[in-house]
Structure formats: structure tokens, C-alpha cells
Amino acid sequence: MKKLLRTAFSTMAALLFVASATVVAQQSDFQIQQDFRAQYNEVVNQVDTAVSTDELVEVAAAIDALEAEYSEYSSIINAAIYPDTFSNRISDLRNRYAAGQANVSTIEQLNERIRDLMAEIDEFRDRVTQMDEEIADLKEQIDRSSANERRQAALIRQYRQNIEQRDEFVSNVLEQLMTRYQELDSATQAEIADAVERMSDNPIELLKTMLAEYTNLADQNSGLEAPDFVRMRAQHGYFADIWNRIGERLANTFAPDNPVEARQEVTDMLAAWQASVDNKLWNALTTAFNQNGIELPPFTSASTFNNALNSYVDNAMEVSMESNNEEDYEVFRNFSNYWNTTVKAQWGELLVNGNILSNSQIAAIDVKLTQWGEAAQPTSNLMFILFLISLAVIIGLVVLLVTKKS
Amino acid sequence: MAKPTITTLSLCVALLFGAAACGPSLVIQNVDYAQPLESVLSPDTENQVHDQRYAIKFNISGILQEEGVSSVDEIRLIRSRAGYYFVTASGFNNVYVFETDESELKLENKIEITANGLGQPAFNQRDSHIELVDLATGNTYNLDHNGLR
């Protein structure tokens, strides 16, 4: 209806213009051709810049009006624009209009795509914002409930669950982004890049928001423990992996003017997030091992953590090989139990995904643990006692035989 | 005495006619010099105007002097079917009609249009004449090289 009204209005305006022009009795042929040139250029500009069907409807009306207004002066115009002609100019406009229709169709398809994309990003952002608000609210409640330990513990549990849900949601978003942009062809990439200026939000901005909130979460002191920080490290590893795979495409598509800077910005934010996690992670791991009776040498990085584990096992194994007592065997059993039931069973995948320990490093500890177990086994005195008894029996029998003979 | 003189004169006349008969004699009739649209030309600092499209260049100082003005922003120029150039400008009282000669434009006629000066003059080529329109007043004048028709 709106389109019809616009068409009717444009046509009426054009007709009025023609009518008013013909009313003027005195005319200058020179001025007529000048006016034609000006109006022609205006219509050319209109058709070349039309980006919607509505604009094209106006262009069609303008071409019709131009033709109707100047066809009676075609001989004057032909003389003025020789070797071009009035009819050629009108044909040229109609050809441009046809090309414009094809362009507008492509543009409208692209606009539709951009609208869908923006709606999706808005949905993601709303959900992330909602989760961030819930987490912030829980953090506030935890801070306020320090007097009530049971309530605080329950809140921390809830806080941890919310962070895990957020991780899951972010992972899904990253998965979707990767599916969509990993195989993005350069033509589509260029089309979206052209439309980026019209987008109020884009995936890179969404990722930056997520990263800022992750860093904020890691910086807070909210009763989180080693497993939570290990999980954060794993989430960071996943995020960094996805960014390595699609970061270049995303930057070229959504920051076409400065893709290198955009990539660097996200990379810097990833590094800041990792630094915040690491700041808590190594202390939390030391505390967790200590609480289970395992005193590891100090460590402040993934490699020094691995060194600390190896050093602990090596030293303990050496001690066991020397003494073979029950106490040393208990040290082995304690470490082996914590290593197998907690470190490997509960954190194993997260440690690998978070680039804290590799599978081969875990396997190397396992091998050492087996050797340590064999070395730590306490040696039994039963055989020695049996040997002494046997020796005593033999001596006794010999003495008895000698006594009988004599 | 008189006879040889008459003979000599007769010979000279015969020679002259003979020479004239040997010169170019081809004349093309019904040439249409009509310039379909007037040219609107801006004079340079030397009062030279140059019509690139119709390939003519001349100085308008004489016309300005005749009209009693020191300068104009632009002049309007059109050539009639007969080949006469018509020149006027905003503020002029007259239209100047020139015929061409070897490197010359010779004033054929000076047609007085108004005593108050033309407002917005414009020439239009018409089948049998040149139409002068003053867009400021709406007045129209039909001209040929002889004057107002």
C-alpha cells in the first residue's frame, strides 16, 4: 500500500512538473538542453545509487517523466548532445534501471542475511548479559553471606554451576560461529564486509564482550577452587582454538577496514584472560595438593607444574627404594589415589584442554607411578624366619642323629 | 595614332575577360549554415570568446565599445541559415549581425531591440528566422540579417 502511494505520488509529481513546464510560453532552446542534461545526470545518479525497491520505483517514474517532458525537444537535444541522441540517453537510463533491479535484489537478499545475523547476535548478547547479571548477583550474595558458612557454600555451588552453564553457552556460540565462518567463501565474506557499516553489532564485538566478562570472573575472589580455575583454563584453550581457526575470517569480514588491529585486540584480550586465570590457578593447585597431603615444589606455569609433579614422584620413589617401609608405602598410596581418582578422573580432560598437562606428560607420570609402586612395596621377613626355623630343625635333626649313633 | 590605341585597349579588355574566365567558377547553392542551438560564451580577460563546438574565435571589444559597456559575463551567439552571425548579451540594446569574410566578421546590421537593455536574452534557431527571446520580460522578436521582421 505504501509502495503504491509512493508510486502514485511520484507519477503525479512528474506529470505536474511536465504540465508546469509546458505552460511556460517563452523558452530558450539552450536552456532546455541544459535542463535536460541536469535532469538526466540526476536520474543517472538516482538509478546508480538506488539500494531498495522503493527507490527503484521512484527512479522508474523519474525516467518516464524525463522522457515525457523532453521528447518534444528531442531534435534540440539531439543537436546539443551529438553524436549521442535523446533516445539513446533514455535507453541508457532504462538499461541502468534493469541493472539496478538486479543489484537491488542482491542487496535486499544481503540485507535480509544481515538482519538475521544481527538478530542472532542480539539474542546471544542478551543471553550472555543475563547470565553475567545472574553470576554478578550470586557473587554479591556470596560476599554478603560470609557469616553463614552453609549458606555461603550453597551459593558458591550455585555460582560454580552458573559459570559452567555460561561456559557451555559460550561454547555453543563459538561452535556455531565456527560452523558458519570456517568455510566462508571470499565472495560472501566481501558481501558481508560491505554491509558491516550498517550493523550495530557483530560477532567480533560479541566475542570481546565475552572475553571481558571472563577476565572479570577470573579476577574476582569468590570462593572458587582449583577445579574451577582448571575449567577456566580449558575454556580459554577452547576459545583460543576457535579464534585461531576463524579469527582471520571474522576480522576480514567484520572489521574490513582494520582486520589486523581487530585480530590483535581479541588476541590481547585472550592473553589478559589467561593471565588472570593463571594468577589464581597455580596457587589453587598448590593448595589442592597440600590439602591432600602432597607437598609439591613451587610452580608458576604449566611447565613448572609438570616439573613439580615429576620431581615429587622421583624424590618419593628414591626414598621408597632406600627404606621400603610401610610409611613410605602410605605416601605412595596417598599420591596414587589422589592422582587417579581426582587429578586424572575429574580434571584430566580439562588439564589437557587447558594446556596445563599434555596426555604424554600424564602418561609419563603414570609410568613413574607404577615404578614407584613396585619400589615402595614393603619387604616381608616371613621367608627369613622360615629359613631360620628350617635351619634350626636341620641342626636339631643332625644333633639327634649324632647322639643316637654314639 | 588613334587606331593602335583602340587596338591595344581592345586587347587588354580581351585579356582581362580571358583571365576572369580561367578563374574558379564553382558556386554551391542553398548552403544551410544554421547552428541549431545558440552558443553561450564567456569572454576572457582580453575579451576573446571561443566557441569550441562550432569552431570560431573572435574579440568582442569592438561590440562592447559600440554598445557602450566595458564588460559582459557572457555573450549569446547563433548563426542563421544564411550564414550570418547574430550576437547579443544581457544589458545590450541591440543585436549585432555579422557576415564573414577572410579572417573578419563584418557588421551587416545593428538591430535595435530596446532602449532599456535586454534582461535575459536567448536566441533560438527557427526555420525562416532567428528568434530572440527575452526571458526576463517574455518578449519575443523575430530577426533576420535585414532587421526585425
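Analyst: A quick ground rule first: two strands count as paired once DSSP finds at least two bridges between them. Strands are DSSP runs of E with at least two residues, helices are runs of H or I with at least four, and both are numbered from the N terminus. What you're looking at is a predicted model: local features need pLDDT of at least 70, side-chain atom pairs count only at pLDDT 80 or more, and totals for chains, interfaces and linings use all residues. Residues are numbered from 1 along each chain as its sequence is written, while chains are lettered from A and ligands numbered from 1 in the order in which they are written.

User: In what order do the strands of the open sheet of four in chain B come?

Analyst: The order is β8-β9-β10-β11, with antiparallel pairing. The edges are β8 (121–125) and β11 (147–148) of chain B; each has a single partner strand, so one side of each is left without a neighbour in the sheet.

User: How do you know that β8(B) and β9(B) pair?

Analyst: Count the bridges: β8(B) and β9 (residues 130–134) of chain B share five, in the antiparallel sense, and the rule asks for at least two, so they pair. Within that pairing, B:P121 faces B:D134 of β9(B). The link between β8(B) and β9(B) is a hairpin of four residues.

User: What makes β8(B) mostly covered?

Analyst: Four of the five residues in β8(B) are buried.

User: What do β2(B) and β3(B) form?

Analyst: A hairpin, with four residues between the strands; in its turn, B:A55 has a positive phi of about 55°. β2 (residues 48–51) and β3 (residues 56–59) of chain B are antiparallel and joined by four bridges. B:D51 sits opposite B:I56 of β3(B).

User: Over in chain A, why are α3(A) and α5(A) called roughly antiparallel?

Analyst: Helix α3 (residues 53–70) and helix α5 (residues 86–144) of chain A pack at about 175°, with axes 10 Å apart. Axes are lines fitted to C-alpha atoms, for helices over the stretch in contact, and angles go from 0 to 180 degrees between N-to-C directions. Over 145 degrees is roughly antiparallel (under 35 is roughly parallel, 65 to 115 roughly perpendicular, the rest oblique). The helices are therefore roughly antiparallel.

User: Why is A:T179 called exposed?

Analyst: A:T179 has 10 other C-beta atoms within 10 Å, which puts this residue in the exposed class. A:T179 belongs to helix α6 (residues 149–181) of chain A.

User: What covers the buried residues of α6(A)?

Analyst: The cover includes α5, α8 (203–219) and α9 (226–254) of chain A. Among the buried residues of α6(A) are A:L155, A:I163 and A:Y181.

User: How many helices and strands does chain A have?

Analyst: Chain A has 14 helices and zero strands. Of its 406 residues, 26% count as buried.

User: How many residues of chain B are in contact with chain A?

Analyst: 10 residues of chain B touch 10 residues of chain A, where contact means C-beta atoms, placed from the backbone, within 7 Å.

Note on methods: Two residues are in contact if their C-beta atoms, placed from the backbone, lie within 7 Å. A residue is buried if 20 or more other C-beta atoms lie within 10 Å of its own, exposed if 12 or fewer, and partly exposed in between; C-beta atoms are placed from the backbone.
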